[in-house]
Amino acid sequence: MNADECMETIKLTSRGGDSFELPYAAARLAHVVRDANDENDDGDIDSPEDVEILKVNSPCLEKVVEFLKHYHEEALTEIKTPLEDNTFEGNVKQEWYQNFLKGIDQPMLFDLVTAANFMAIQPLLDLTCLKVSCQLMGKSAEEIRQILNIPKLTPEEEETARRDHRWIFDD
Amino acid sequence: MKTLTDDAVLHIASFMDTADMLNVALTCRRFGSAATDDLSLMERGAHQLIESAPTHEKNWVPYKKGTSTTWIGLYHELLKLRAPPSFSSILGSGINYVNKKYHVYASLREQYQQQQLQQAKWLLRRRQYPLTKHSIAPSSSTVSCVAIGNHIMSHGVHSVKFTMTRVEKISFGIIRPFDEYWVNMNDVSCKDSFNPFESWSDMIDATSSRRKNWGNSNVHCCLYETYPGSCQWTDWETTSQTIDDWCGMEHALEGDVGLLLDLDEGTLSVYKNGRRLGIMKDGLSGEYCWLMSIQGASNSTAVQIKRGYLVSNRV
């Protein structure tokens, strides 16, 4: 059967053992799901099976499944680079996708980036990485360090970094 | 950010401009070290962005062996060349921006032309000027103005198209880049006339700190004169100025003039309304900027600069 027209549902199971059900046609956006079901290059499969996503925790997998279901109904418009705007909303015009990441905390955002990368869901990776990029745009190194919870450089390390990248201070 | 994999960090970097990449690079060694044996994530990100650029853009990147240039720095140079061409500097009091600075128009100032007209009428009244139809216009030696492009080109193939709204004694070509501080000190408000072929001492001052990037070529300024179509070029160090005819030479009294600068081959080709006339000058190397020069214009002239089509001379 052709996977794109498959009406069957499968369950994705998280590290915590929680399962989330969704149509296979939506789940197959994740390459990890396609690979687990031995989907061939023509998109043909025998019968879709459930997949364990042991590297992703339950709250994050729930968000990923929410994304997959919606994407199947309304695809994310491609994010073009160079960016048209330095705000997330300026680059993602679709309201559902704007709201999808609204109000989530930093650990959850990073978990989503990691899950999208591990599950090979390109549109989710684009969306979440854009969100992180927009949070960092226009910020100083010190502000970025606070956002990312990175320890401060020693004065020697900072001097080395500035020497390495002197060109931008000369511009 | 420690929880993010390297791939994810590189993807985040792909949405950033170089100023933001630099600030991330300054946060820690994982993101920022420019050590060549172990590239940091932002350096790898910049490298990947350069590698994923179209071939003709990759060829623009000014790799310099043996220097400490970083990948973020090189990507910064690529982004500057990817920006639309504009006139970033204008010199000579007879020229001004029609619109905002980066709206890429330049024209002769009406006020300046009125002054020129008054001077010519005064000369006529005193019978010190021949009474002919052409004598009203300021002579070519009275004023010279230039507009210099924003791109500093040293590698690869670059093309540009100039569109003129009126026919004047106007020339298009290339010039060595100026020192930024010199341009800022000598902007339109304090320079009456600026001729890149005659202002020898100015040229040496204007380019002093950038002379290490001139390469082997002694062609420091080279212009296509729209009338009669000849090639005018100069070597500032010997203060020699040459006007050459060239194979395919034609005048261009209206429409578009296109230039194609091939810094791999060291040539400058001329296009007239999209038709290739030929290679006007060879033996070019080192850094150049686009240049427009107007001398003794009599009417309001506007010139627009746009990116041209990249058509290789190499068949």
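A salt bridge here is a side-chain nitrogen of Lys or Arg within 4 Å of a carboxyl oxygen of Asp or Glu. By that rule, the count over all chains comes to eleven salt bridges. This is a predicted model, where local features need pLDDT of at least 70 and side-chain atom pairs count only at pLDDT 80 or more, while totals for chains, interfaces and linings use all residues. Residues are numbered from 1 along each chain as its sequence is written, chains are lettered from A and ligands numbered from 1 in the order in which they are written, and side-chain values use heavy atoms, with hydrogens and water left out.

One of the salt bridges pairs Lys161(B) with Asp256(B), with the closest N and O atoms 3.8 Å apart. Lys161(B) sits in strand S5 (residues 157-164) of chain B and Asp256(B) in strand S10 (residues 256-262) of chain B, so the pair ties together parts that are 95 residues apart in sequence. Helices (H or I, at least four residues) and strands (E, at least two) are DSSP runs, numbered from the N terminus.

Now for the interface. Between chain A and chain B, about 2,700 Å² is buried, and carbon and sulfur atoms give 69% of that; buried area is the accessible area (1.4 Å probe) that two parts lose on being put together, summed over both. The contact (heavy atoms within 4.5 Å) takes 35 residues from chain A and 33 residues from chain B.

On the side of chain A that touches chain B, H7(A) gives the most, with eight residues.

Next, a helix pair. Helix H2 (residues 18-25) of chain B and helix H4 (residues 41-51) of chain B pack at about 155 degrees, with axes 9 Å apart. Axes are lines fitted to C-alpha atoms, for helices over the stretch in contact, and angles run from 0 to 180 degrees between N-to-C directions. That makes H2(B) roughly antiparallel to H4(B) (under 35 degrees is roughly parallel, over 145 roughly antiparallel, 65 to 115 roughly perpendicular, the rest oblique). Met21(B), Val24(B) and Ala25(B) of H2(B) meet Met42(B), Gly45(B), Ala46(B) and Leu49(B) of H4(B).

| Cis peptide bond | Omega |
|---|---|
| Thr81(A) and Pro82(A) | about 0 degrees |
| Tyr227(B) and Pro228(B) | about 15 degrees |

Pro228(B) is in the loop between strand S7 (221-225) and strand S8 (231-235) of chain B. Ala120(A) has a positive phi of about 55 degrees although it is not a glycine.
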